[in-house]
Amino acid sequence: MRDTVIRTLIELGKEDKNIELITGDLGFGVLKPFWETLPDQFINAGIAEQNMTGVAAGMALEGKKMFTYSIGNFPTLRCLEQIRNDCAYHNANVNIICVGGGYVYGSLGMSHHATEDIAVMRALPGVTVICPGDPAEAASAVRTIANTEGTCYLRLGRGGEKVVNTGIKEFVIGRAYKIRDAKDLPKKAAIFSTGAILEEASKACDMLEEYGIAVEQYSFPTVKPIDKETIMKCAEKYDDIFTVEEHNTVGGFGGAVSEVMAENPSKARLHRIGINDFYCIEVGSQSYLRKQVGINADGITQKVKDVVCGE
């Protein structure tokens, strides 16, 4: 996903000299093609994320289309005040790229987990929050936000993600994308996911179909503004809706969906699958930590079965 985004930025930067990329002294293996191709549109701000964000805001207010880049929670929580005061307040054209949403950097411990970022960023007025589910969504999203005014948060996985959303032709901010229709099976449910957990959610849907549970599956690459129409259409159609995210369930994607459903009552019950408001003290790979907190394919499948089948 990250390589796809940088390749796309290089293409866009060749066409538009106002596109600039600033890194907080990270990502050199990924960013090298950008600075070799567009050296005059690249800045290394050093390990100084607050300064990186302030510089990006200033350049944006002078007409540049800015992208900042760092890993885990460093491009958000470490410089939250600058994002709030310098970028969001001024509606500056700054696109904040986080590589490593969730447990991507799980082997480096809790300090490198990005598990509260969606909640924090969507609470900032005027900030668009985009969490692509796969490389196809990521590439389309970058093309769109590069030419969209205002501050945007782009939350990525890391690398090696499979393309799941094979039907996406264009990225529209605020639109959810259907991944599969529900088969004609006795039990039915809708599953929504955001971010790179999409692959695990898709595997879970395959497993659920084997258990006789039909799933209408959607990827929500935009968390803010969220696709209210799709949420309510499914809420009228199904008894149970499940949200899946590699993020704290408090204030995250599930919280955004629940706000829509609370304000538009329906027959559906919402079930949030994510990190249940705790910090994971274990250290290990992303797949290991996903398993520990129950957000891998097996964990998702079991939680849906428990509700739909009453197990």
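At 1% relative accessibility, Pro-132 counts as buried, where buried denotes under 20% relative accessible area, exposed over 50% and partly exposed the range in between (1.4 Å probe, protein chains only). The structure is a predicted model, in which local features need pLDDT of at least 70 and side-chain atom pairs count only at pLDDT 80 or more, whereas totals for chains, interfaces and linings use all residues. Residues are numbered from 1 along each chain as its sequence is written, and side-chain values use heavy atoms, with hydrogens and water left out.

Pro-132 is located in the loop between β5 and α6 (135-145); helices (H or I, at least four residues) and strands (E, at least two) are DSSP runs, numbered from the N terminus. Apart from neighbours within four places in sequence, Pro-132 is in contact (heavy atoms within 4.5 Å) with Met-1, Glu-137, Ala-138, Ala-141, Leu-154, Arg-155, Leu-156, Gly-195, Ala-196 and Pro-221.

Thr-222 in β10 is the bridge partner of Ile-130. Both strands belong to an open sheet of seven strands with mixed pairing, ordered β2-β1-β3-β4-β6-β5-β10. Its edges are formed by β2 (42-44) and β10 (222-224), each of which pairs on one side only. From one strand to the next, the twist of this sheet averages 20 degrees. Axes are lines fitted to C-alpha atoms, for helices over the stretch in contact, and angles run from 0 to 180 degrees between N-to-C directions.

An open sheet of five strands is also present, likewise with mixed pairing, in the order β7-β9-β8-β11-β12. Here the edge strands, pairing on one side only, are β7 (177-180) and β12 (269-275). The twist averages 25 degrees from one strand to the next. Helix α7 (residues 198-210) packs on this sheet and touches β7, β8 (187-193) and β9 (213-219), its direction making about 165 degrees with that of β9. Helix α8 (residues 228-237) lies across β8, β9 and β11 and runs at about 170 degrees to β9. At the β12 end of the strand order, β11 (residues 240-248) pairs with β12 in the parallel sense over six bridges. Within this pairing, Asp-240 has Arg-269 of β12 as its bridge partner.

Glu-200 is found in helix α7 and is buried at 15% relative accessibility. Contacts of Glu-200, leaving aside neighbours within four places in sequence, are made with Arg-290, Ile-295, Asn-296, Ala-297 and Ile-300.

In helix α4 (residues 80-88), the residues Gln-82, Ile-83, Cys-87 and Ala-88 are buried. Seen down the axis of α4, these buried residues fall within an arc of 145 degrees, and they therefore line one face of the helix; the arc is that of the directions from the helix axis to the C-beta atoms. An α-helix has 3.6 residues a turn, so residues three or four places apart point the same way. The exposed residues Glu-81 and Arg-84 are carried on the face of α4 turned away from its buried side. The buried residues of α4 are covered by elements including α3 (49-61), β4 (94-99) and α5 (117-122).

The loop between β4 and α5 contains His-112, a buried residue with a relative accessible area of 18%. Its side chain makes a polar contact with the side chain of Ser-111 at 3.0 Å. A polar contact is a pair of N or O atoms within 3.5 Å; within protein, one must be able to donate a hydrogen and the other to accept it, and residues adjacent in sequence count only if both atoms are side-chain atoms. Not counting residues up to four places away in sequence, His-112 touches Ile-71, Gly-72, Asn-73, Phe-74 and Tyr-105.

With a disulfide defined as a pair of cysteine sulfur atoms within 2.5 Å, the count comes to zero disulfides. Cys-234 takes part in none, the nearest cysteine sulfur, that of Cys-205, being 12 Å away. Cys-234 is buried, with a relative accessible area of 1%. The sulfur of Cys-280 is 17 Å from the closest cysteine sulfur, in Cys-98, too far for a bond. Cys-280 is likewise buried, at a relative accessible area of 7%.

How values were computed. Pairing = 2+ DSSP bridges.
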